[in-house]
Amino acid sequence: IFGVRSGDVEGKPTLDTYVGGIFAQLKPGARMVTFHPLLCLGRSLSDENERRRKSGMEESLDASFFTVEKRCIGRNVVSWSSVKEISVYLYKRVNQSDPKGGALFLCSNKRCWGNSMGTAAVDEE
């Protein structure tokens with residue numbers, strides 16, 4: 001996914017934004033592999049929960065709707081580089097409290113009213 005190259009033309013969403021929205025709408029357990037981090041998704045579940053711990057808040061499965069792992073797939077595995085070691089990012093949608101499987105996130109600010117109530121990552125309208 002080359003979202004950086006697609007650019008932000010006149011305020012329109014980038015390719016990364018569209019891909020992130022599609023990923024957020026997938027069912028829990030779905031996986032996505034990218035060659036670059038998908039920064040538009042925000043922080044992963046472990047990163048959000050670490051931030052919550054440091055702020056004195058409880059961890060929650062609703063803190064973020066995904067996990068991510070960086071994995072090395074080796075050298076000479078893509079046509080555009082035979083020298084450089086190539087890594088990919090494996091994203092996985094996690095199960096959360098929404099019975100319909102919707103993607104949720106929590107505000108990580110201790111004073112935020114939404115720090116314990118999940119907010120939908122995608123507006124269905």
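# Exercises on a predicted model

A search of the whole structure finds five salt bridges, a salt bridge being a side-chain nitrogen of Lys or Arg within 4 Å of a carboxyl oxygen of Asp or Glu. The model is predicted, so local features need pLDDT of at least 70 and side-chain atom pairs count only at pLDDT 80 or more, whereas totals for chains, interfaces and linings use all residues. Residues are numbered from 1 along each chain as its sequence is written, and side-chain values use heavy atoms, with hydrogens and water left out.

## Exercise 1

Determine which residues of helix 3 are buried and how they are arranged about the helix axis.

**Solution.** 

Step 1. Helix 3 spans residues 45-54; helices (H or I, at least four residues) and strands (E, at least two) are DSSP runs, numbered from the N terminus.

Step 2. Buried means under 20% relative accessible area, exposed over 50%, and partly exposed in between, with a 1.4 Å probe and protein chains only. In helix 3, the buried residues are Leu45, Glu48, Asn49 and Arg52.

Step 3. Viewed down the axis of helix 3, these buried residues fall within an arc of 95°, so they line one face of the helix. The arc is that of the directions from the helix axis to the C-beta atoms.

Step 4. The buried residues of helix 3 pack against strand 2 (66-74), contact meaning heavy atoms within 4.5 Å. Ser46 and Lys54, on the other side of helix 3, are exposed.

## Exercise 2

**Solution.** 

Step 1. An α-helix has 3.6 residues a turn, so residues three or four places apart point the same way.

## Exercise 3

Locate asparagine 76 and asparagine 95, and classify each as buried or exposed.

**Solution.** 

Step 1. Asparagine 76 lies in the loop between strand 2 and strand 3 (86-93). Although it is not a glycine, asparagine 76 has a positive phi of about 55°. Its relative accessibility of 55% places asparagine 76 in the exposed class.

Step 2. Asparagine 95 belongs to the loop between strand 3 and strand 4 (104-105). Asparagine 95 is likewise exposed, at 57% relative accessibility.

Step 3. Apart from its neighbours within four places in sequence, asparagine 95 is in contact with Pro28 and Leu61.

## Exercise 4

**Solution.** 

Step 1. A disulfide is a covalent bond between the sulfur atoms of two cysteines.
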